Amino acid sequence: MSDELSLTRGYNLLRMNADTENRDSTFTLSGREYELLEGVFAPTLCPSTEIYADWLPYPAGGSFLEIGAGAGVISVTAALSGCARVTALDINERAVENTGRNVARHGVADRVQVLHSDMYSALDRHARFDLVFWSSSFIEPSTGFAHETPLHHAIFDPGYAMHKEFLRSAAGHLEPGGRLLLGYSNMGNRKLLAEAADSAGLRFEQLHAAPHPQLADVEYQLLEFHAADRPGS
């Protein structure tokens, strides 16, 4: 997909999320009702959240870290799917509040911690997880772009700075044998992602892919990252 078309669709999604007049205060995904606050990415405006929530291999009895929790759908689903310990992070303070409300709504506050965090910044340096996941801000905007609102962070990543940090620091928060997964799309910049992975000493494989139900040229993907094979190793 062309960069121009991806960017256009990103801005369309931003406008829809910012439309407070036509925004519902609750929504339903996968048979569960959630609260939605203004200024938080609405999971009903694109199918990615529901798709990733269904694909993820939640470690039953284990630990799960979500970067960019948004309204909290995936973190709630992880807890209800048997994860013993879930940590939900978001750079958007409204999203932190939103996730907390939905964690309480679904009765999983005893096993879900919600933190305001820029990527891993709020985590204890010793915190380790069996699975780390981010539904990434995969659209790479043009030069000169600035994050004007928290919603911009949910959609755009200039220069793939957030992707670089996600990959570079992940190893320090994975249990031995832990898994690093990324929700992605063909609207993203695969070249920049591959460069970020290589710089972090990682390679990736695509576990799942599914088309957008209305936009035939849009595909959502679940990627898993592994330590790159080194010559002579």
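**Close-up 1. Helices α6 and α7 pack at an angle of about 30 degrees in this predicted model.** Helix α6 covers residues 161-168 and helix α7 covers residues 190-199, and their axes are 9 Å apart. Since angles under 35 degrees count as roughly parallel, α6 and α7 are therefore described as roughly parallel to each other. Look also at the handedness here: the crossing of α6 and α7 is right-handed. On the α6 side, the contact is made by His-163, Lys-164 and Leu-167, and these meet Leu-193, Ala-196 and Ala-197 of α7. Sorted by class, the residues of this α6 and α7 contact are four nonpolar, one polar and one charged.

**Close-up 2. Helices α2 and α3 pack at an angle of about 25 degrees.** Here we turn to another helix pair, with α2 formed by residues 48-55 and α3 by residues 73-80. The axes of α2 and α3 lie 10 Å apart. With that angle, α2 and α3 are therefore roughly parallel to each other. As for handedness, α2 passes α3 in a right-handed crossing. To find the contact, pick out Thr-49, Tyr-52 and Ala-53 on α2, then Val-73, Ile-74 and Thr-77 on α3. Four of the residues in this contact of α2 with α3 are nonpolar and two are polar, while no charged residue takes part.

**Close-up 3. Helix α3 is mostly covered.** Staying with α3, we can go through the helix residue by residue. Seven of the eight residues of α3 are buried. The buried residues of α3 are Val-73, Ile-74, Ser-75, Val-76, Thr-77, Ala-78 and Ala-79. After the helix, look for Gly-82, which follows α3 and has a positive phi, near 110 degrees.

**Close-up 4. Ser-75 is a buried residue of helix α3.** The relative accessible area of Ser-75 is 0%. What surrounds this serine, once its neighbours within four places in sequence are left aside? Ser-75 is in contact with Glu-66, Ala-69, Val-86, Ala-88 and Val-112.

**Close-up 5. Ser-30 and Met-119 each have a positive phi, although Ser-30 is not a glycine and Met-119 is likewise a residue other than glycine.** These two are worth a look because most residues other than glycine have a negative phi. Ser-30 has a phi of about 50 degrees and sits in the loop between β1 (26-29) and β2 (32-35). For Met-119, phi is near 55 degrees, and its place is in the loop between β5 (112-116) and β6 (129-135). Are these residues buried or exposed? Ser-30 counts as exposed, at 51% relative accessibility, whereas Met-119 is buried, with a relative accessible area of 7%.

**Close-up 6. Cys-46 and Cys-83 are both buried.** For Cys-46, the relative accessible area is 11%. For Cys-83, the value is 1%. How many disulfides does the model contain? With a disulfide taken as a pair of cysteine sulfur atoms within 2.5 Å, the count comes to zero.

Conventions
Residues are numbered from 1 along each chain as its sequence is written. This is a predicted model: local features need pLDDT of at least 70, side-chain atom pairs count only at pLDDT 80 or more; totals for chains, interfaces and linings use all residues. Side-chain values use heavy atoms; hydrogens and water are left out. Axes are lines fitted to C-alpha atoms, for helices over the stretch in contact, and angles run from 0 to 180 degrees between N-to-C directions. Helices (H or I, at least four residues) and strands (E, at least two) are DSSP runs, numbered from the N terminus. Angles under 35 degrees count as roughly parallel, over 145 as roughly antiparallel, 65 to 115 as roughly perpendicular and the rest as oblique. A crossing is left-handed if the near helix is turned anticlockwise from the far one by less than a right angle, and right-handed if clockwise. Contact means heavy atoms within 4.5 Å. Ala, Val, Leu, Ile, Met, Phe, Trp, Tyr, Cys and Pro count as nonpolar, Asp, Glu, Lys and Arg as charged, and the others, Gly among them, as polar. Buried means under 20% relative accessible area, exposed over 50%, partly exposed in between (1.4 Å probe, protein chains only).
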